[in-house]
Amino acid sequence: MSEPIVEQHHIPESPGLYAKHQKVYPQEIGGYYRNLKWKVTAAIMAFYFLAPWIRWDRGEGQPDQAILVSMTLRRLYFFDIEIWPQEIYYLTGILVLAAVGLFLATSMAGRVWCGFTCWQTVWTDLFVWVETRLEGDRNKRMKFDKAPWTLDKLGRKTLKQIIWIVFSILTGAGWIFFFNDAPTAAMDMLTGQGTWGLYGFTLLFAGTTYLLAGFAREQVCIYMCPWPRFQGAMFDEHSLIVTYEAWRGEPRGKAKNKEAGNLGDCVDCNLCVNVCPTGVDIREGDQFQCIGCALCVDACNSIMTKLGRPGELITYDSVSNQMARERGDVPKKRLIRKRTVAYTLLLCAVLALMAYGLVNRSELEINVQRDRSPLFVQLSDGQIRNGYTFKLLNMVAEPQTFTLMVDELNGAKMTVIGVAPDPVDQVTLDVGPDTVATYRIFVRAPKESLSSQFKDMEFVLTNSATGQIIEYDSRFAGPDR
Amino acid sequence: MANIERDEVSGTDTTGHEWDGIKELNTPLPNWWLWTFYATILFSIVYWILYPAWPTLSDYTKGVLGYSSRVNLTEDLEARDKARESWTKQFAALPIADIAKDRKLLEFAMAGGKVIFADNCAPCHGSQGSGAPGYPVLADDDWNWGGSLEEIETTIRFGIRSTHDDTRVSEMPVFSDDYLSPTQIAAVADHVLSLSGSGSASAAGAEVYAEECAACHGENGEGGRDFGAPRLTDGIWLYGGTKEALVAQIGNPKHGVMPHWEDRLSDVERKQAAIYVHSLGGGE
């Protein structure tokens, strides 16, 4: 027996797949883009918190909330538009519009959605604003976190959490109000009479708001959101994005040394990094963590103004323009490109399709279910009878009346439970405003009317008021032969 | 555990077990695991105090919350009955024909009747009353005991040949056993078939029919509802419409049994069921 071979396994040092989170302390900065962001935020807050309270008269017995997605009534109301559950494709249309709109905005002006309107950005911005008011700006905050616990620290931290939680609950409730009658739901919740659904969903969305805006913050953009991963496909060299004019900024160095050496405009003050809500250095070029909020543009401009140097060293501009400037050419904006034209056309096409669908939306839908058990019944006079369940969906706010007849079936007569107990040729059916009427209809015909086991026939509905005729194809079954 | 051996590579104690030179490490549980385990123990103790938990010889520990799923069920059923009260009161007060005339009440009856029918009737009569051999089709217009709302309600309440004192009952006599000869039975079977347009009529068959059958089934086979005698003219047969089936039924009749629903369904539920059955297509 030979000696056993002892292998020396070498286990390489793992680089580690887990990176510990470094808290980002964004510094406050004023400027053009900061003002723009506040305006957009104000508009979003106004819509989010006020829109459910807009009233809209729809007549007796109808909800009077302008924007309401009602799960209990199974309706979606948007001012004068009312969508039934089976018309959910309008929602698909809105989602397609949102997607194409996002593509168009991104190909034109980069991640404007991410930087200015995404609720993750907007709510985080507000949460950080609260934090800054209570704990001070960046440097103060960093010291404050490291400092030992004192009564002052405890008080400020507690107050911050309370404000965050209250705002989160308001946010959660604000979401619920789009799905329930806002004044009723608010009163119910305030008086402790709300359903578990109201409280539960409010707390659920309050909880996600609190966690995502208070703690997860930029990690949502970097690790959770899929959008940064494929945004690159929407960009081209003409897309307006946050860029750094490396050609005149580099080599960077302290301001005093500018005259001494051959340095660029960048004084390496790091303010652009300090104000960044995701903690990136834009001077390293565009990167997926950059949400395009342009606060670094404000930061750099404030320094350049102080130093009396030309502004817009970090600027909202396209890559091709930067290259043109570097060459000394005249930069020009190119918003109309193949890509943007294609997205615009697609956007218009979907919009047109939806508008067409809404204008020509049918106000009545018929569903007929033929009984399968029993398939048919033989009556004592030898006739064959089939049963049908009729559902008339009246999508307008007025009652409608229809005359029902059977066509393409010789000698057919109908009985309708609760309406026509004795066999008749035609019958009048009512359907109330904005409801579904269900009728049990029996059609009988002599055996001779059937040449095979199944006979194609149709129901003909005539609107008594307008004379409009609707035909519905169905079948009539008899004995096997 | 006299001499605990320490593994050199990992620095962990071994269990002292060894297989072919491989020693088992006595790796301690991760803390999160251990504390979760303690938490479950704590949870179970709290649970024992709050909820019913331990069986005793004749009873069980009730728990301080007094929770009982049986009580919950009773409360739920009471709440349900209370919620339905506005309907059920009207159902109890009104005769069944008036209920069927009111569209709102009819809707309530149909919704409840559908469920009651599926639970109680469908196993024999088929979904939507499609019937089966020996179990009448409830969707056609052929009724042995009557197809009005009141008659259907009575049939459901007392049953047919059931154990109830007021049950509907009828029995067709046995005609074999030397009472009628096979030839006579065959002839009368042919005659009965001819009433609905098949088979061949004969004088002998007609004679037997007039003597033995007409008393219950009527002179022309129109049937007799007072004693549940089926109509013989419509080509609808409970036990099959072939000559063989008829010969068998005349010679040694089968009689189905329908249980009574007086105890199992309430007055309101029976009204709902009757209205639903009436709506299956054959109601008179």
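Two strands are taken to pair if DSSP finds at least two bridges between them. Helices (H or I, at least four residues) and strands (E, at least two) are DSSP runs, numbered from the N terminus. The structure is a predicted model, in which local features need pLDDT of at least 70 and side-chain atom pairs count only at pLDDT 80 or more, while totals for chains, interfaces and linings use all residues. Residues are numbered from 1 along each chain as its sequence is written, and chains are lettered from A and ligands numbered from 1 in the order in which they are written.

In chain A, β1, β2 and β3 form an open three-stranded sheet in the order β1-β2-β3, with antiparallel pairing. The edge positions are taken by β1 (67-70) and β3 (81-83) of chain A, each of which pairs on one side only. Neighbouring strands of this sheet are turned by 10° against each other on average, direction ignored; the axes are lines fitted to C-alpha atoms, for helices over the stretch in contact, and angles run from 0 to 180 degrees between N-to-C directions. Four bridges connect β1(A) with β2 (residues 75-78) of chain A in the antiparallel sense. A:Val69 has A:Leu76 of β2(A) as its bridge partner.

The domain assignment divides chain A into domain 1 (18-53 + 88-361) and domain 2 (364-477), with bounds that come from an automatic or database domain assignment. The centres of domain 1 and domain 2 of chain A, taken over C-alpha atoms, are separated by 58 Å.

Two cis peptide bonds are described here. One joins A:Glu250 and A:Pro251, with omega about -10°; A:Pro251 lies in the loop between α11 (246-249) and α12 (257-260) of chain A. Another joins A:Ser373 and A:Pro374, with omega about -5°. The loop between β6 (364-370) and β7 (377-378) of chain A contains A:Pro374.

Positive phi values in residues other than glycine were also examined. For A:Asp268, phi is near 55°, and this residue is placed in the loop between α12 and α13 (271-274) of chain A. A:Asp434, likewise not a glycine, has a positive phi of about 55° and belongs to the loop between β12 (426-431) and β13 (436-445) of chain A. Burial was classed from C-beta atoms placed from the backbone: a residue is buried if 20 or more other C-beta atoms lie within 10 Å of its own, exposed if 12 or fewer, and partly exposed in between. A:Asp268 counts as partly exposed because it has 14 C-beta neighbours inside 10 Å. A:Asp434 has 20 C-beta neighbours inside 10 Å and therefore counts as buried.
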